[in-house]
Amino acid sequence: QVQLVESGGGSVQEGGSLTLSCAASGKVFNVHRMAWYREGPGHQRELAARITTNGVTTYGDSVKGRFSISRHNDKNTVYLVMNSLQVEDTAVYYCNLEQVSINTGSQTYWGQGTQVTVSS
């Protein structure tokens, strides 16, 4: 099993910045990908940013150019640097990890979520 623990959520003014952290522990394979999803009021859960083991990144259209995802592979920790925050970025942000077991197939894990609130 894998456990994901998020930190860094909170309240920030519009135009400000905030950095989220996610630490993975347990049976984390060498090859895996981690991501941040978010679920705001009246919205379905959507991808904010994703990063693979070799550093390939993917961003949702709504955050492209403002958010940046990075990881420390040796610590199984991923960061999401959020700049130029907008009120529309208000959401619960969830850390996600996906990996494949040769014996049991795909594995997906989620953190408990951390609240980000942006005020005008």
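**Reading a predicted model, feature by feature**

Author: Let's start with one side chain: that of Arg-71 comes to 3.4 Å from the backbone oxygen of Ile-51. Do keep in mind that this is a predicted model.

Reader: Thanks! Is Arg-71 buried or exposed?

Author: Under 20% relative accessible area counts as buried. Arg-71 has 12%, so it is buried. This residue lies in strand S7, residues 67-72.

Reader: Which side chain makes a polar contact with the side chain of Arg-71?

Author: That is His-32, at 2.8 Å. Beyond its neighbours within four places in sequence, Arg-71 also touches other residues, including Met-34, Thr-52 and Val-78.

Reader: How do I read the side chains along a strand?

Author: In a regular strand, side chains alternate between the two faces of the sheet.

Reader: Which strands pair with S11, and in what sense?

Author: S2, residues 10-13, pairs with S11 in the parallel sense over four bridges. S9 runs antiparallel to S11, and three bridges join them. Look at Val-116 in S11: it is the bridge partner of Gly-10 and also of Ala-91.

Reader: And what should I make of phi at Ser-84?

Author: Most residues other than glycine have a negative phi. Ser-84 is not a glycine, yet its phi is positive, about 50 degrees. You will find Ser-84 in the loop between strands S8 (77-82) and S9 (91-101), partly exposed with a relative accessible area of 42%.

Note on methods
Residues are numbered from 1 along each chain as its sequence is written. This is a predicted model: local features need pLDDT of at least 70, side-chain atom pairs count only at pLDDT 80 or more; totals for chains, interfaces and linings use all residues. Side-chain values use heavy atoms; hydrogens and water are left out. Helices (H or I, at least four residues) and strands (E, at least two) are DSSP runs, numbered from the N terminus. Buried means under 20% relative accessible area, exposed over 50%, partly exposed in between (1.4 Å probe, protein chains only). A polar contact is a pair of N or O atoms within 3.5 Å; within protein, one must be able to donate a hydrogen and the other to accept it, and residues adjacent in sequence count only if both atoms are side-chain atoms. Contact means heavy atoms within 4.5 Å. Two strands pair if DSSP finds at least two bridges between them.
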